[in-house]
Amino acid sequence: MTLSDRSAPRQLDPPAVAPFALSDAPDGILAGRAADGDARAFEVLVRRHGPLMRAYATRMMGGTSESDDIVQESFITAWEQLPTLKDGNAARAWLMRITSRKAIDRIRARKHDEPLHDWDAEAPTSQSPAHRVEVASQRERLAEALAGLTPPQRQSWLLREVGGCSYEEIGEQLGIPLSTVRGLLARARRTLVTEMEDWR
Amino acid sequence: MSDPSQQEDLGRDELVDAGLDRVELRDNLNRVLREVDGVTDLYDARPTALAAVTAVATRLTGRPPVEPVVVASSREGLTVSVSLAVSENLPAADTCRRVFDVVHDFVAAHAPEDTLRAVRIRVSRIG
Amino acid sequence: MTHSEDAGGRSVDPVALDADLDIIEVLTDYLDRGVDPPRELLDGSPAHHLALDALVRFRRVTSVLLTEDIAAEPERDDGWVATILANIHSEARAGRSIPLAHPSSIADLSMSEGAVRGLVRAAGDAVSGTLIGACRLEGDVTDPGAPITVAVEASVFWGERIPATAEHIRAAVESALLLHTELNVVAVNVTVTDVHLRRTEQEGR
């Protein structure tokens with residue numbers, strides 16, 4: 001590369017160290033660049049956090065069919081709102097919150113025709129996993145136990161434990177009072193922890 | 001034909017039929033401007049097309065970009081608009097001025113009957 | 001097996017269960033705040049110790065649930081990334097329009113603020129061991145000759161001397177702006193926001 005005389009920086013460079021790949025950059029740097037319009041930095045964020053967001057959406061929805069759409073909508077919203085993100089190093093938690101909102105939007109839309117407000121109901125016993133494979137990993141058992149919760153319990157729990165939402169945010173997103181959020185989380189935690197005890 | 005966003009700028013009643021010669025002029029400018037020293041790419045000058053994003057999307061989707069140079073005509077003359085990606089090896093502002101000169105001279109040489117009303121050149125990317 | 005406290009199937013005293021529920025809530029609250037539960041609370045009952053152990057184990061499983069979900073996913077092609085990138089656009093990202101001088105009255109020449117930010121990033125990135133983050137042009141860039149201060153954030157590779165590297169970045173940015181733009185740059189301020197390792201090395205440790 002030939003640079004004109006006015007372009008002095010090369011002469012000041014310390015001797016050869018390979019420049020960083022953007023994929024090595026911390027989230028804060030990438031978020032700052034993406035907020036400034038650097039689509040390549042945004043691409044790195046998409047690759048880095050997209051799989052987690054997709055897994056989260058899949059757990060929230062109880063299946064994969066809508067998770068790609070949720071991830072896509074989340075990133076499009078993220079691109080638009082990146083200039084408002086104050087701490088780029090919190091990008092992952094921020095992206096998970098956006099994913100939460102997109103998933104909940106879909107759950108609410110899906111529930112439009114159904115009676116919605118039996119929020120704090122118990123899961124029917126029939127939803128409990130009928131068979132247990134002795135060798136199942138703890139993670140598979142947690143997944144099973146999660147599937148056995150009522151949808152509102154599961155959603156509240158995922159929003160809290162995986163999405164990092166506060167009780168207030170969960171109430172806001174699900175459109176339910178704080179006391180109901182507390183009740184849902186208490187039941188969800190107890191059921192899950194008690195089942196965990198059985199795994200020992 | 002002129003681009004919709006440019007039509008808005010000019011106002012509907014000012015528009016005259018662009019005709020084949022405009023399309024030819026546009027195509028020629030698209031070709032000639034790519035050869036100007038320091039120009040590495042041409043982008044659609046419409047504000048909705050963000051140059052860098054378009055470039056990344058094009059790489060990943062393999063979709064070719066539309067003809068970037070826009071030639072709009074009205075009774076007052078032609079308006080030529082384009083956005084540029086320029087090389088970091090030549091001063092960007094100079095490259096931009098060089099593109100203006102090429103547009104100006106090209107229209108004067110190949111469409112002498114036309115008046116150039118405005119030439120809008122925007123540097124959207126450097127290097 | 002049951003998922004409710006009162007649907008039967010588990011031979012537990014409901015009063016004890018309510019107490020369990022309370023202790024789970026209380027301990028969760030401590031864990032959420034990253035605080036160790038007080039000794040008196042744990043020593044109050046062996047059940048409290050058990051509940052804490054259970055919660056800690058449970059959180060460990062929770063923390064790997066999604067990462068294991070990801071690991072269990074088959075390899076995917078880049079289609080999903082392309083779809084996302086093809087759907088992002090924003091006029092606002094181009095920023096302000098910075099006029100470029102020309103004697104002709106029909107010339108409307110400009111450089112986008114986004115292009116200048118990209119130039120600043122490229123110039124700073126070229127300094128070895130650094131990556132530029134956010135970049136701000138402070139001052140009225142639409143007014144030719146107005147004094148402009150450039151503020152850039154940078155991440156510097158672990159082991160680089162920070163003041164010297166910041167000076168390299170500053171000089172590189174300044175000369176790039178001088179070469180390519182007509183901005184009246186009065187200062188380039190570099191803030192080193194973090195020191196980092198290569199991700200692959202971090203993960204390998």
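I began at A:L22: not counting residues up to four places away in sequence, A:L22 touches A:L30, A:R33, A:D38, A:R40, A:A41, A:V44, A:R48 and C:L131. Contact here means heavy atoms within 4.5 Å. This is a predicted model, where local features need pLDDT of at least 70, side-chain atom pairs count only at pLDDT 80 or more, and totals for chains, interfaces and linings use all residues; side-chain values use heavy atoms, with hydrogens and water left out. Residues are numbered from 1 along each chain as its sequence is written, while chains are lettered from A and ligands numbered from 1 in the order in which they are written.

**A:L22**

I placed A:L22 in the loop between α1 (9-12) and α2 of chain A. For element names I use DSSP runs, numbered from the N terminus: helices are H or I with at least four residues, strands are E with at least two. Buried or exposed? A:L22 is buried, with a relative accessible area of 11%. The cut-offs are under 20% relative accessible area for buried, over 50% for exposed and partly exposed in between, with a 1.4 Å probe and protein chains only. I also checked A:V44, 22 residues along the chain from A:L22, and the two C-alpha atoms are separated by 7.3 Å.

**The sheet in chain C**

Next I looked up an open sheet of three strands in chain C, with the order β3-β4-β5 and mixed pairing. Its edge strands are β3 (130-138) and β5 (184-196) of chain C, each pairing on one side only. Neighbouring strands of this sheet are turned by 20° against each other on average, direction ignored. Two strands pair if DSSP finds at least two bridges between them; β3(C) and β4 (residues 147-157) of chain C have seven, in the antiparallel sense. I noted C:R136 standing opposite C:A151 in β4(C).

What packs on this sheet? Helix α5 (residues 113-125) of chain C does, touching β3 and β4 of chain C, and its direction makes about 145° with that of β3(C). From chain A, helix α2 (residues 27-35) lies across β3, β4 and β5 of chain C, running at about 40° to β3(C). Axes are lines fitted to C-alpha atoms, for helices over the stretch in contact, and angles run from 0 to 180 degrees between N-to-C directions.

Chain C as a whole has seven helices and five strands, and 45% of its 205 residues count as buried.

**Chain B**

I counted four helices and four strands in chain B, running α-α-β-α-β-β-α-β from the N terminus on. Of its 127 residues, 49% count as buried. Residues 24 or more positions apart account for 76% of the chain B contacts with a separation of 6 or more.

Then I checked pLDDT, the predictor's confidence in each residue, from 0 to 100. Chain B averages 78, and 68% of the residues score at least 70. Where pLDDT is low, the predicted coordinates should not be read in detail.

**Cysteines**

How many disulfides are there over all chains? My search of the whole structure found zero, a disulfide being a pair of cysteine sulfur atoms within 2.5 Å.
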